[in-house]
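Please read them with the sequence and the coordinates open.

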Amino acid sequence: MAIYLDPGTGSLVIQFTIGAITGLLVAARLFSRSLAALFRRKSKAPRTPEQHVPRKHIQDTAAPGESLDETRK
Amino acid sequence: MIHPASFRDPDGFVFQHDKSFYRQINHTGRADYDLAQACGLHSKLQAMGMLIDHREVVPWMSPDPSNVYKVILPQQLPFVSHPYEWSFTQLKDAALLTLDIQLTAMDHGMSLKDASAFNVQFWDGQPVLIDTLSFEQLKPSPWIAYQQYCEHFLVPLALAAIIDPSLIRMLQVHLDGIPVGVGSRLLKHKLWGSLSLSMHIHWHARSQVIAESYARPICAKQRELSIKTMKNLILDLRHATERLEKKHSNTTWGNYYHDNNYSSRAMECKLKIVEDYLSLVRPNHVWDLGANEGMFSRIAAKHANLVVSWDLDHQAVESNYLKIRGSRTNILPLVLDLTNPSPALGWSNRERASMLERGPVDLALGLALVHHLNITNHLSFEQIAAFFAQVCKHLIIEFVPGTDSQTSMMLSTRTCVSHECSLESFKSAFLRHFTLTQEDPIPDSVRTLYLFRRRE
């Protein structure tokens with residue numbers, strides 16, 4: 001029977017336990033970060049999605065099918 | 001033709017038509033695709049450069065018209081790399097991109113339904129998600145892609161950071177990600193001090209064992225996990241991933257440019273000759289084989305649309321990537337053992353293309369490389385020339401004779417029949433596959449540069 005059960009089930013179940021603990025961890029990190037910011041003039045901010053470099057939109061680039069040889073996927 | 005790796009998602013697939021790659025959205029994927037478009041998630045991620053651009057086209061070319069809802073034309077990638085060819089920071093950047101996308105998706109009421117490293121590609125020096133159909137409506141339930149994230153990203157990164165960066169190559173064997181159970185056994189007591197990593201790897205693995213030995217299915221999918229808890233889980237995964245740092249290691253090739261036998265004049269002349277050759281050929285795609293930290297890839301990048309900068313040494317590829325990271329460059333550094341290049345993998349050996357299947361390219365660079373293949377790896381000039389003839393139409397290659405101080409050092413511990421390492425033997429082997437376009441001795445050295453063109 002066991003082999004018919006997807007090990008992914010355990011990956012779903014463990015999220016209830018880890019989720020409960022990470023709530024405390026995330027809060028503790030936020031607290032320690034704001035505490036550290038009090039003592040540091042400039043604390044190193046974590047990378048945010050906004051730091052990705054925006055690309056040109058597809059309409060601005062080559063027309064479909066142009067220079068597409070040797071492309072994949 | 002449907003892409004051979006595109007069979008897992010019932011909501012759509014990638015197909016090729018007339019040299020372009022398209023993505024079909026099936027009727028079953030209609031609701032999620034429309035939601036991602038309507039809530040502004042697609043446009044927001046695309047504006048930030050995190051998701052590949054696309055536009056909808058008339059679906060007349062669909063290979064499965066009975067299921068078609070829409071067909072989109074994504075921005076075409078010039079080259080597809082595989083996660084087992086990435087350096088530590090490339091894999092880490094791809095991991096952080098995946099989590100940042102998940103956090104952005106959650107703000108828009110959506111969630112990633114998979115977290116495959118194969119869904120991320122490097123383009124313009126930064127990672128980008130290429131699977132436009134990866135989103136589903138956010139539900140208060142466990143994150144369905146949690147296991148995949150851990151196995152495709154967290155476990156390989158932890159192994160690379162804590163044990164050795166070359167373990168990223170394990171993804172070549174475990175195409176669906178390194179199982180958390182395997183990661184947990186390899187990392188055993190090495191995760192002390194990181195509660196997050198212990199939970200996501202050790203506890204996670206233990207939970208899988210318990211679930212597998214449980215006599216009946218557990219309906220975890222039906223149990224509710226609040227959105228806030230899921231967000232905390234993602235934030236904790238992000239924290240654990242971001243804290244993983246590769247230990248600096250001194251490798252054979254990691255310091256090559258500071259530790260070689262070129263005089264500054266010889267190096268200057270070599271750069272100039274290579275640049276002249278490149279402006280003569282004006283290639284579109286270039287492969288720099290044995291690129292080290294990519295000094296010559298940067299020269300090639302000025303003359304080509306894409307330069308793939310391959311090297312065996314993980315530290316050299318890492319340094320190369322750190323130099324170009326986020327700089328909108330057309331250089332893609334990748335790890336490759338030329339004597340054992342990436343093979344064709346996956347179902348029917350067709351899911352992941354081999355190194356050779358992704359070529360041939362307009363031009364290849366083989367600088368300060370042949371004597372290593374010839375002396376260290378015992379490959380004859382004939383074998384090396386035949387390989388390059390499969391890889392490229394034009395070839396810039398450097399011959400390093402036995403009288404060179406570095407070659408002499410290599411020969412002192414190895415045997416090589418002198419005529420097999422000679423210039424005559426080198427030229428006659430390459431002239432069987434190529435015609436000679438240019439030949440220039442490098443001043444202030446005993447080395448010679450050649451520009452060859454493949455015989456048709």
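1. Helices (H or I, at least four residues) and strands (E, at least two) are taken as DSSP runs and are numbered from the N terminus. On that basis chain A has one helix and zero strands, whereas chain B has 15 helices and 15 strands.

2. This is a predicted model, in which local features need pLDDT of at least 70 and side-chain atom pairs count only at pLDDT 80 or more, while totals for chains, interfaces and linings use all residues. Residues are numbered from 1 along each chain as its sequence is written, chains are lettered from A and ligands numbered from 1 in the order in which they are written, and side-chain values use heavy atoms, with hydrogens and water left out.

3. The overall dimensions of chain B come next. A compact globule of 456 residues would have a radius of gyration near 23 Å, and the 24 Å of chain B agrees with this; the radius is taken over C-alpha atoms, and the globule rule is 2.2 Å times the number of residues to the power 0.38. The C-alpha trace of chain B spans about 75 × 55 × 35 Å along its principal axes. With contact meaning heavy atoms within 4.5 Å, residues 24 or more positions apart account for 71% of the contacts in chain B that have a separation of 6 or more.

4. For burial, a residue is called buried under 20% relative accessible area, exposed over 50%, and partly exposed in between (1.4 Å probe, protein chains only). By this criterion 59% of the 456 residues of chain B are buried, and in chain A the share is 29% of 73 residues. Accessible areas come from the Shrake-Rupley method with a 1.4 Å probe, and for residues only the protein chains shown count as cover. The accessible surface of chain B is about 18700 Å², 53% of it belonging to carbon and sulfur atoms, while chain A exposes about 4900 Å², with carbon and sulfur atoms supplying 63%.

5. A nonpolar core is here a set of buried Ala, Val, Leu, Ile, Met, Phe, Trp, Tyr and Cys residues joined through side-chain atoms within 4.5 Å. The largest such core has 123 residues, of which F135(B), W143(B), L289(B), F388(B) and F430(B) touch the most other members. Helix α4 (residues 146–162) of chain B gives the most to this core, namely 11 residues. Beyond its neighbours within four places in sequence, F388(B) has contacts that include L289(B), A364(B), L395(B), I397(B) and F430(B). A second, separate core has seven residues, among them F15(B), M61(B), V68(B) and V71(B).

6. Which residues does K270(B) contact, leaving aside its neighbours within four places in sequence? They are Y262(B), F296(B), L367(B), A368(B), E398(B), I442(B) and L449(B). K270(B) belongs to helix α9 (residues 264–281) of chain B and counts as buried, because its relative accessibility is 2%.

7. R352(B) sits in the loop between β11 (331–335) and β12 (361–366) of chain B and, at 11% relative accessibility, is buried. Not counting residues up to four places away in sequence, R352(B) touches residues including A5(B), R8(B), H82(B), Y84(B) and F118(B). The loop between β11 and β12 also holds P360(B), and the peptide bond from G359(B) to P360(B) is cis, with omega near -5°.

8. Helix α11 (residues 314–324) of chain B is largely enclosed by the rest of the structure, because nine of its 11 residues are buried. The elements covering these buried residues include α3 (88–107), β6 (120–123), β7 (126–129) and α10 (295–301) of chain B.

9. One point concerns both chains: G19(A), in helix α1 (residues 8–39) of chain A, is buried with a relative accessible area of 3%. Not counting residues up to four places away in sequence, G19(A) touches T229(B) and L233(B).

10. Two backbone angles deserve a check. K188(B), in the loop between α6 and α7 (195–213) of chain B, has a positive phi of about 25° although it is not a glycine, and R282(B), in the loop between α9 and β9 (285–289), likewise has a positive phi, of about 50°. K188(B) is exposed at 56% relative accessible area, and R282(B) is exposed at 68%.
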